[in-house]
Amino acid sequence: MAHAHTIASVRYTFDSLADLLAKATPARSGDELAGIAATSAQQRVAAQRTLADLPLTHLLNEPIVPYETDEVTRLILDTSRTPAAITAFAPISSLTVGELRDHLLSDDATPASLAALAPGLTPEMAAAVSKLMRLQDLILVARKINVVTKFRTTVGLPGRLSTRLQPNHPTDDPAGIAASILDGLLLGSGDAVIGINPVSDNVATLTNLLHLVDHIRRRYDIPTQSCVLAHLTTQMQAMQQGAPLDLLFQSIGGTEATNKSFGINLALLEEAHQQARSLNRAPENPTPNIMYFETGQGSSLSANAHRGTRGQGIDQQTLEARAYAVARHFNPMLVNTVVGFIGPEYLYDGKQILRASLEDHFCGKLLGLPMGCDICYTNHAEADQDDMDALLTMLGAAGVNYIMGVPGADDIMLHYQSTSFHDALYLRRLLNLRPAPEFESWLNTTAPHRLHLPAMLP
């Protein structure tokens with residue numbers, strides 16, 4: 001279906017919903033690379049004006065990726081037809097995208113009402129409304145939304161900021177990883193998860209690292225959870241061999257083809273999810289959240305998996321939001337948008353990274369997800385640590401659930417720049433935020449002192 005808007009006697013036409021969404025998206029290099037971005041500021045404004053007048057129901061009636069060929073689309077639309085989703089959507093069913101924006105910014109949109117609304121929203125609705133928002137709008141609405149999850153620690157409570165302690169090592173050396181874990185714990189990081197990106201994606205390495213973290217956790221009675229970010233199938237094999245796996249990790253995307261490029265599908269995710277749940281690794285918590293998903297704008301484009309109906313290219317931000325439908329289906333503990341990691345081909349500079357991060361955080365929270373962010377950039381991007389400081393502060397104001405804690409903010413294995421243990425301390429002090437309550441109680445005991453003693457030995 002074509003969409004059109006006239007500005008100063010110039011008529012701008014958009015030949016499909018996918019085209020309209022792409023043209024309405026604030027500028028980013030990935031959409032330009034795909035040849036789907038607006039070619040002028042005037043065309044972008046015309047698209048945004050057209051999108052603002054579009055009824056929300058239209059986003060349900062014109063799938064941007066065919067239902068028949070894409071299981072993510074089937075998940076989105078089938079979920080939207082459940083009684084719970086229909087009931088949640090009913091209060092806003094008569095609104096346009098622009099009217100939804102006004103509602104979200106109004107005093108009528110309270111934390112309780114936004115939580116009730118989340119099951120009725122589709123990713124395309126969240127993406128569409130985000131394209132009409134300024135940065136302050138994205139921050140203000142996300143700030144209202146609290147998504148709380150729990151494994152051993154409770155993450156996402158108001159007034160709290162958690163961290164993923166990321167102790168990566170270029171050779172998976174256990175001593176080097178342990179030293180980074182010690183550093184992070186002594187600086188108050190690790191309450192969201194101690195999560196290691198392994199160099200070697202094999203069962204032996206994965207199992208050794210899981211045993212390492214579990215030994216530290218049990219020896220010092222640390223309330224946290226562990227994760228080694230190997231491929232889903234590697235983790236499944238490790239579980240079969242008795243590895244102490246807490247959170248189950250996988251990167252996901254917004255189309256079936258993207259997930260196929262990751263070597264997964266929804267059925268495999270479900271099988272792994274049930275296997276991890278059967279381990280009962282948090283017996284004190286009868287219904288723990290056990291999944292950890294990572295996403296990133298540009299992942300579909302980089303896999304040439306970004307095309308929808310009639311081969312139309314879909315913008316990377318809308319595809320990112322569609323990945324959140326996959327995450328939402330599994331009720332995860334953590335979702336992490338690794339916003340600047342994929343490189344300047346997709347988000348060129350600090351300004352684009354900042355905008356994309358706030359969009360991702362907003363869309364994920366609006367859809368009911370526990371959003372964190374790897375505030376990061378690659379060394380060949382037009383960005384620096386000042387850009388990350390600005391983004392860190394804005395995400396803190398927006399109520400992000402957790403950030404990364406990387407020694408010195410420099411990941412020596414993945415070769416990119418992120419946030420450090422000290423950055424988390426800065427943000428907690430600036431905004432009067434505290435760690436997860438269970439972890440905070442541990443920090444207030446003698447346990448951290450006992451943890452410090454081995455490091456002091458010759």
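So, Asp191: buried or exposed? In this predicted model, Asp191 is buried, with a relative accessible area of 0%. We call a residue buried when that area is under 20%, so Asp191 qualifies. As for where that is, look at the loop between α11 (174-186) and β6 (193-196). And what does Asp191 touch? Leaving out residues up to four places away in sequence, its contacts include Thr153, Val155, Leu161, Ser162 and Thr163. Thr224 and Gln225 are on the list too, and so are Arg428, Pro435, Ala436 and Phe439.

Okay, on to helix α5, residues 71-80. Why do I say it is largely enclosed by the rest of the structure? Because 7 of its 10 residues are buried. Those are Glu71, Val72, Thr73, Leu75, Ile76, Leu77 and Ser80. If you want to know what they pack against, there are α4 (56-61), α6 (83-89) and α9 (123-130), and then α14 (256-261), α15 (266-278) and α17 (316-329). At the N-terminal end of α5 you'll find a cap, Asp70, with a side-chain oxygen 3.0 Å from the backbone nitrogen of Val72.

How many residues does the largest one have? It has 131, and Leu104 and Leu269 are the ones with the most contacts inside it. Take Leu269: again not counting residues up to four places away in sequence, it touches Leu232, Gln250, Ile252, Ile264, Met291, Phe293, Val326 and Phe330.

Methods: Residues are numbered from 1 along each chain as its sequence is written. This is a predicted model: local features need pLDDT of at least 70, side-chain atom pairs count only at pLDDT 80 or more; totals for chains, interfaces and linings use all residues. Side-chain values use heavy atoms; hydrogens and water are left out. Helices (H or I, at least four residues) and strands (E, at least two) are DSSP runs, numbered from the N terminus. Buried means under 20% relative accessible area, exposed over 50%, partly exposed in between (1.4 Å probe, protein chains only). Contact means heavy atoms within 4.5 Å. A polar contact is a pair of N or O atoms within 3.5 Å; within protein, one must be able to donate a hydrogen and the other to accept it, and residues adjacent in sequence count only if both atoms are side-chain atoms. A nonpolar core is a set of buried Ala, Val, Leu, Ile, Met, Phe, Trp, Tyr and Cys residues joined through side-chain atoms within 4.5 Å.
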